[in-house]
Amino acid sequence: MATWWREACDLLLPVSCAGCGASGGSLCTSCLRAMTPRVVRADLDAGLPVWAAGRYEGTLRRVILAYKDGGRTDCGPALAGLLRAALRAALTQVPAGEVVARQGIRLTTVPSTRAAWRRRGYRPVPRLASHAGLKPAQILRPLRQSVDQAALDRAAREENRSGSLAARRVPAGSAWLLIDDIVTTGATTREVARAIGAAGGGLLGVVALAYTPRRVADARDTPPVGEGGRGAWPALP
């Protein structure tokens with residue numbers, strides 16, 4: 001109901017730009033231009049790659065925050081375009097081994113905490129994936145309720161996430177990509193990798209809207225990629 005009311009208000013009331021506050025629409029032309037995807041690949045400490053549509057700063061940071069915590073669900077379609085760009089880059093670079101060729105690559109997301117669901121009234125990442133025409137499998141479930149990571153330092157994030165997730169049984173050796181919004185220290189990604197590994201699969205990496213440059217090492221821009229995927233993965237819709 002909260003989400004429905006928010007979206008109804010977006011249609012009936014004047015909307016300001018989520019990036020700069022200018023009147024006239026969800027995102028002004030200048031902010032849309034600033035959010036042109038520049039996909040970056042970064043490597044987490046555990047060797048897991050991250051493909052992100054940009055760095056978590058400037059206009060992109062403000063728009064993501066507005067979408068996640070400001071109720072600006074009207075920014076979803078624009079952010080979904082960035083997510084698709086990051087996914088295309090990932091699909092050109094993941095290892096094309098036997099399992100990938102036979103089974104393809106599967107997508108999943110991390111379940112929101114109960115507190116986050118109550119506060120927002122919607123789940124930002126699954127909603128974003130839906131805008132992008134993607135259908136991640138909901139294979140992960142919380143073993144315990146972790147707290148919001150935003151205010152935690154690196155050590156606290158690791159402790160908060162460690163052992164917090166379980167995955168249902170998946171096909172042996174199946175290959176997965178995690179869809180997320182922001183990658184910071186990689187604590188969530190490492191916990192997802194552990195949970196999926198215990199369930200019989202393997203995590204190839206994470207596809208995200210943004211990453212924090214000071215917390216994720218070895219970042220480099222990826223070459224431009226086209227619309228198609230690689231191996232057995234179908235072209236994006």
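Which residues does Leu-83 touch, not counting residues up to four places away in sequence? In this predicted model, where contact means heavy atoms within 4.5 Å, Leu-83 touches Leu-128, Ala-129, Ala-132, Leu-134, Ile-179, Asp-180, Val-207, Ala-208 and Leu-209. Residues are numbered from 1 along each chain as its sequence is written, and side-chain values use heavy atoms, with hydrogens and water left out. Because the model is predicted, local features need pLDDT of at least 70 and side-chain atom pairs count only at pLDDT 80 or more, whereas totals for chains, interfaces and linings use all residues.

The protein chain contains nine helices and eight strands, assigned as DSSP runs numbered from the N terminus (helices are H or I with at least four residues, strands are E with at least two). Of its 237 residues, 50% count as buried, a term that denotes under 20% relative accessible area, with exposed over 50% and partly exposed in between (1.4 Å probe, protein chains only). The chain exposes about 11,200 Å², of which carbon and sulfur atoms supply 55%; these areas come from the Shrake-Rupley method with a 1.4 Å probe, and for residues only the protein chains shown count as cover. Among contacts between residues at least 6 apart in sequence, 78% join residues at least 24 apart.

In soluble globular proteins, nonpolar side chains tend to be buried together. A nonpolar core is here a set of buried Ala, Val, Leu, Ile, Met, Phe, Trp, Tyr and Cys residues joined through side-chain atoms within 4.5 Å. The largest such core has 40 residues, and those with the most contacts inside it are Ile-64, Leu-79, Leu-83, Leu-177 and Val-207. At least two residues of this core are supplied by each of α3, α4 (76-93), β3, α7 (124-131), β6 (175-183) and β7 (202-211), with the largest share, ten residues, coming from α4. A second, separate core of 23 residues includes Ala-42, Val-192, Ala-195 and Ala-199.

Helix α3 has twelve residues and reaches 16 Å from its first C-alpha to its last, close to the 16 Å expected at 1.5 Å a residue, the expected span being 1.5 Å times one less than the number of residues. Its buried residues are Thr-59, Leu-60, Val-63, Ile-64, Ala-66, Tyr-67 and Lys-68, and these pack against α2 (29-34), α4, α6 (114-120), α7, β6 and β7. Just after α3, Gly-71 takes a positive phi of about 75°. Helix α9 (residues 187-198) likewise has twelve residues and spans 17 Å, close to the 16 Å expected; its buried residues include Val-192, Ala-195 and Ile-196, and it is followed by Gly-200, whose phi is positive, near 110°.

From strand β1 (residues 40-43), Val-40 and Ala-42 point one way and Arg-41 and Asp-43 the other way, yet all are buried. Strands β1 and β2 run antiparallel and are joined by four bridges, pairing being assigned if DSSP finds at least two bridges; in β2, Pro-49 is the bridge partner of Asp-43. The loop between β2 (49-52) and α3 (58-69) holds Ala-53, which counts as buried because its relative accessible area is 4%. The C-alpha atoms of Ala-53 and Leu-87, 34 residues apart along the chain, are separated by 8.8 Å.

Thr-108, in strand β3 (residues 105-108), is buried because its relative accessibility is 0%. A polar atom of the Thr-108 side chain lies 2.7 Å from the backbone oxygen of Ala-137. Beyond neighbours within four places in sequence, Thr-108 is in contact with residues including Pro-136, Ala-137, Trp-176, Leu-177 and Ile-196.

How values were computed:
Polar contact = N/O pair within 3.5 Å; in protein donor to acceptor, adjacent residues only side chain to side chain.
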